[in-house]
Amino acid sequence: MNRKEILNNILNEEERLFAAKAIDKMELSKKIYSPAFTEFTDPFKAHYIKNLLLNNGCEIEIYGGYNESERVKIGFFDEFSKVDLNDFPISAVEISYNRQYSRELTHRDFLGSVLGLGIVREKTGDIVIEENRGIIFVDSDIADYIVFNLERVGHTKVKTRIIENYKPKMKDAVSKNITVSSLRLDSVTGGALNLSRGKTVDHIKGEKVFVNWKKETSASFPVKEGDVITLRGVGRVKINEVIGNTKKDRVLINISIYK
C-alpha cells in the first residue's frame, strides 16, 4: 500500500484526514494481530475509505451499532481475527425522562446535552428517539462518563443507563410505483415524499438532503437506480427500479420509502 499516493488522491481535506487515521488503524490491526476501529463518521465517507483500502491484508467492516445506522465506524480485522460485529466498541446509552414534567425532547436536545459534557461529535453515533427516552450510540470508553455525568437535557431531569443488545425497531418500508417528471433530485424527492417542488428545493439548498449519505445541494443532481435519498427529519427513499417512460413522457419508478 502506498500511503502517500492514496492520501494525495483525496482532494477533500476532511476526508484525507479521516483516511490517514483509518490507515493508522489498519496498520495497527496488522501489527498487534487484533481488530482496530475508527471513530464515528457518515456512511458515505466510511464506504469511500473502505473501497480505497481494500486488499491490504485486513478484512474491513462498517457498523454503527445496528443495521441502517447513519453514523458508523470502520473496523479492521487482521488475517487472524474473525469479523465479529460484537467487537465494535459501541455502547447504547439510554437517556429517559418523565413526559409529565417536560416537553418532548428532540435529537438536537439530546445531542447538545451530551456534547455539552465536553464530548466531541466523533465519539457519538446515532440517536434514536423513542417515547420518553433517547438512545445514543457512543464509543464504549465514554459510556460510563455519560451515565455518571449527564443529569439534565436542557431543563429536563433525566436518568441514564447503559443497555445491552439494544436494536431499534425499524419501521417497515413502503414500496410503490410513482411517476416523476425526471430523475432530477428535486423531482424524485418531492414526488416520493409528497412535497412541493419549492419546499423540496428549499430542503436541498438548506443542506438537508443526502444522496447515498453524501450531502447534495444541487436540485438538478441526477439520481439513478439503487440510489438512497435521505431528507433529514422527514424520511429516506431508495430507488429500486427505473421502469421506463409513460405515454405522457413521465418516468415511472419503483421506490421504497422509510419514515
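# Packing and backbone in a predicted model

Q: Leaving aside its neighbours within four places in sequence, which residues is Tyr66 in contact with?
A: Contact is taken to mean heavy atoms within 4.5 Å. On that criterion, and with neighbours within four places in sequence set aside, the residues in contact with Tyr66 are Asp126, Val128, Phe137, Lys167, Pro168 and Met170.

Q: With which side chain does the side chain of Tyr66 make a polar contact?
A: The structure is a predicted model, in which local features need pLDDT of at least 70 and side-chain atom pairs count only at pLDDT 80 or more, while totals for chains, interfaces and linings use all residues. Residues are numbered from 1 along each chain as its sequence is written, and side-chain values use heavy atoms, with hydrogens and water left out. A polar contact is a pair of N or O atoms within 3.5 Å; within protein, one must be able to donate a hydrogen and the other to accept it, and residues adjacent in sequence count only if both atoms are side-chain atoms. For the side chain of Tyr66, the partner at 2.6 Å is the side chain of Asp126.

Q: Is Tyr66 buried or exposed?
A: Tyr66 lies in the loop between strand S2 (59–63) and S3, where helices (H or I, at least four residues) and strands (E, at least two) are DSSP runs numbered from the N terminus. A residue is called buried under 20% relative accessible area, exposed over 50% and partly exposed in between, using a 1.4 Å probe and protein chains only. With a relative accessible area of 10%, Tyr66 is therefore buried.

Q: How many helices and strands does the protein chain have?
A: The C-alpha atoms of the protein chain fill a box of roughly 60 × 60 × 30 Å along the principal axes, and 44% of its 259 residues are buried. Of the contacts with a separation of 6 or more, 58% are between residues 24 or more positions apart. The secondary structure of this chain comes to seven helices and 15 strands.

Q: What length does helix H2 reach from its first C-alpha to its last?
A: The expected span of a helix is 1.5 Å times one less than its number of residues. For H2 (residues 13–32), which has 20 residues, the expected value is 28 Å, and the model comes close to it with 29 Å.

Q: What covers the buried residues of H2?
A: The buried residues of H2 are Glu15, Phe18, Ala19, Ala20, Ala22, Ile23, Met26 and Ser29. An α-helix has 3.6 residues a turn, so residues three or four places apart point the same way. The cover over the buried residues of H2 includes helix H1 (3–8), strand S1 (36–37), helix H3 (43–53) and strand S3 (73–77).

Q: How many of the nine residues of helix H6 are buried?
A: The buried residues of H6 (residues 185–193) are Leu185, Asp186, Ser187, Val188, Thr189, Gly190, Ala192 and Leu193. What covers them includes strand S10 (174–180), H7, S11, S13, strand S14 (235–245) and strand S15 (251–258).

Q: Which residues does Ile229 touch, not counting residues up to four places away in sequence?
A: Ile229 is found in strand S13 (residues 228–231), and its relative accessible area of 2% is why it counts as buried. Not counting residues up to four places away in sequence, Ile229 touches Leu185, Val188, Thr189, Val209, Phe210, Val223, Gly235, Arg236, Val237 and Ile239.

Q: Is Glu207 buried, partly exposed or exposed?
A: Glu207 lies in the loop between helix H7 (197–205) and strand S11 (209–211), and it has a positive phi of about 60° although it is not a glycine. Because its relative accessible area is 41%, Glu207 is classed as partly exposed.

Q: What is the relative accessibility of Asn132?
A: Asn132 lies in the loop between S5 and S6, and, although it is not a glycine, it has a positive phi of about 65°. Asn132 counts as partly exposed because its relative accessibility is 28%.
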